[in-house]
Amino acid sequence: MQQKAKLVCINPNCGKTYSIKSLAIKCDSCNFLLDVKYENKPSSSLKEVFYERRNPQGSIYNESGVWRFRELLNFCEIETEDIEQCSKYLVSLDGAEGRQSKPYHMSKVAEFVGLDNENVVFQPEGYNPSGSFKDNGMSAAVTHGKMMGAKKIICASTGNTSASAGMFAANENMECDVYIPDGQIAPGKLSQAYQFGTQMVKVNGNFDDAFTKSLEAAEEPGSYTVNSVNPFRIEGQKTIPYRALEYLNWEVPDWLVYPGGALGNTSSCGKSLMELYEWGWIKKIPRIAVINASGANTLYQLFNGIFDEEKLRWNEGAPNFELIRRFYDEMSKDENLKPKTKATAIQIGKPSNVAKGLRALEFTNGIVEEVTDKEMLDGMSVVGLNGFDCEMASGASVAGIKKLRDKGVIKKDDKVVGILTGRQKEPLLPIDYHNDPSNKFARPPKI
Ligand code: F0G
């Protein structure tokens with residue numbers, strides 16, 4: 001059978017290819033990350049097929065908000081309508097990944113950010129089975145891991161990745177080791193990882209240190225890394241914008257807004273838009289806005305020329321890695337530059353997908369903003385007033401839209417999609433917030 005999918009180095013000056021059945025994460029020639037590339041150009045008539053699958057007709061692969069779009073991430077090279085092939089290859093939690101996460105209008109949030117309700121939607125990815133957007137990418141990465149005969153999946157995590165990896169590993173009867181920055185993880189996420197039977201490895205350091213350790217461990221034969229440097233994670237997370245676009249009848253919004261951590265989401269959103277544009281499925285390109293926590297704002301500083309006058313850009317595949325290295329160097333010396341935010345999910349100083357993220361920002365004419373912890377908490381809280389819950393890091397999307405609207409970057413009539421990346425797993429945060437009457441949306445208890 002002719003190979004239809006392969007791995008390709010994202011460096012346009014390299015472009016080395018690897019078999020889809022490879023464990024490579026980085027190019028062995030130039031050290032750039034890899035992309036999954038498909039030879040076939042999917043027909044836009046698939047839009048109707050995807051829509052029809054919303055009536056799943058007994059197939060969990062139609063129920064799944066990831067595998068419903070399986071033709072657009074067919075790295076297993078299967079006959080997508082053959083249920084036996086699907087069940088042999090595709091990893092799914094009984095169709096639950098991505099099933100309930102679609103955009104919703106949230107009137108109070110719209111009012112807070114300064115947009116008409118009809119112009120802004122929010123997509124609660126926390127309504128995934130493990131409670132975060134990670135399940136989209138994890139179902140795809142574990143599918144590839146299974147294809148490669150992996151026995152153990154490995155990740156570093158600020159919490160949600162470990163919960164998601166643990167859940168899928170338990171379901172697939174695989175082992176799962178998770179490397180976590182000791183004492184810096186929301187208890188709700190930690191307890192999920194324990195409960196799913198993962199082997200916790202506590203790292204004395206921050207997420208960036210845990211990530212380095214986990215990559216070393218994943219070198220062991222039979223081990224398989226599922227952090228977002230894994231190109232198959234990115235494939236699964238492409239379905240987040242697919243679901244948003246489908247809801248909008250494939251009419252492209254002006255903005256897609258994400259919190260930024262390791263930049264897996266930014267990368268996957270960029271890749272999905274690059275492909276859809278190349279395939280002629282969309283004619284316009286929405287702008288991505290990445291929102292950093294101001295306490296963990298590497299990308300914000302580098303992209304906007306705050307650390308150095310130079311503004312870090314994709315630069316046709318030659319970003320200034322020296323500038324990044326200098327920033328990391330300073331970070332190791334300067335306590336003020338070390339990542340520090342109560343939104344622990346995005347307490348990340350070294351975004352491992354920075355090159356792919358820059359490429360996505362370039363393609364979409366994207367921007368990077370930062371918001372404070374207080375702004376994120378307000379954002380998180382106003383989402384609650386619409387009957388949805390999200391975690392503090394997701395509040396960055398709300399707070400970021402508000403800030404960009406206040407600055408006039410997002411215009412009054414712009415159409416905006418905000419991604420709420422995870423569910424509330426830190427119960428003390430809303431309790432503390434509401435018990436402090438000085439908070440904007442606080443409703444203190446009566447005594
Ligand atoms: N929002 C939530 C709720 C997250 O858990 C994360 C990342 C992000 C946003 C940032 O996404 O890395 O794609 O830019 N959490 C990872 C983890 C790092 O280990 O759970 P990104």
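Reply: A definition comes first: on a 1 Å grid over the protein atoms alone, a cavity is a set of points where a 1.4 Å probe fits but cannot get out, a pocket is an open set with protein on both sides within 12 Å along at least five of seven lines, and lining residues have an atom within 4 Å of a point. By that criterion, K189, K342, A343, T344, E391, M392, A393, Q424, E426 and L429 line the second largest cavity. The model is predicted, so local features need pLDDT of at least 70 and side-chain atom pairs pLDDT 80 or more, while totals for chains, interfaces and linings use all residues. Residues are numbered from 1 along each chain as its sequence is written, and side-chain values use heavy atoms, without hydrogens and water.

Me: What makes the pair F50 and F69 edge-to-face?

Reply: Rings of Phe, Tyr and Trp (its six-membered ring) pair if their centres lie within 6.5 Å; planes under 30 degrees apart count as stacked, over 60 as edge-to-face and the rest as tilted. By this rule there are 14 aromatic pairs. For F50 and F69 the centres are 4.9 Å apart and the planes at 65°, and the pair is therefore edge-to-face. This pair links distant parts of the chain, with F50 in helix 1 (residues 46–52) and F69 in the loop between helix 2 (60–63) and helix 3 (83–89), 19 residues apart. F50 and F69 also belong to one aromatic cluster with Y242, W250, W279 and W281.

Me: Why does F50 count as buried?

Reply: Buried means under 20% relative accessible area, exposed over 50%, and partly exposed in between (1.4 Å probe, protein chains only). F50 has 0% relative accessibility and therefore counts as buried. F69, at 0%, is likewise buried.

Me: Why is the pair of Y104 and F388 called tilted?

Reply: The ring centres of Y104 and F388 are 4.8 Å apart and their planes are at 50°, so the pair is tilted. Y104 lies in the loop between helix 3 and helix 4 (107–113) and F388 in the loop between helix 15 (373–384) and helix 16 (395–406), so the pair ties together parts that are 284 residues apart in sequence. Y104, at 24% relative accessibility, counts as partly exposed, whereas F388, at 14%, counts as buried.

Me: How do you know that R313 lies over the face of F303?

Reply: The test requires NZ of Lys or CZ of Arg within 6 Å of the ring centre and within 35 degrees of the ring normal. R313 meets it over F303, at 3.7 Å from the ring centre. R423 lies over the face of Y127 at 4.4 Å.

Me: Why is helix 14 described as largely enclosed?

Reply: Nine of the 11 residues of helix 14 (residues 354–364) are buried, so the rest of the structure largely encloses this helix. Among the buried residues are V354, L358 and T364. Helices (H or I, at least four residues) and strands (E, at least two) are DSSP runs, numbered from the N terminus.

Me: Which residues lie nearest the centre of the largest cavity?

Reply: F133, K134, G261, A262 and A345 lie nearest the centre of the largest cavity, among 28 lining residues. Helix 11 (264–278) gives the most to this lining, with three residues.
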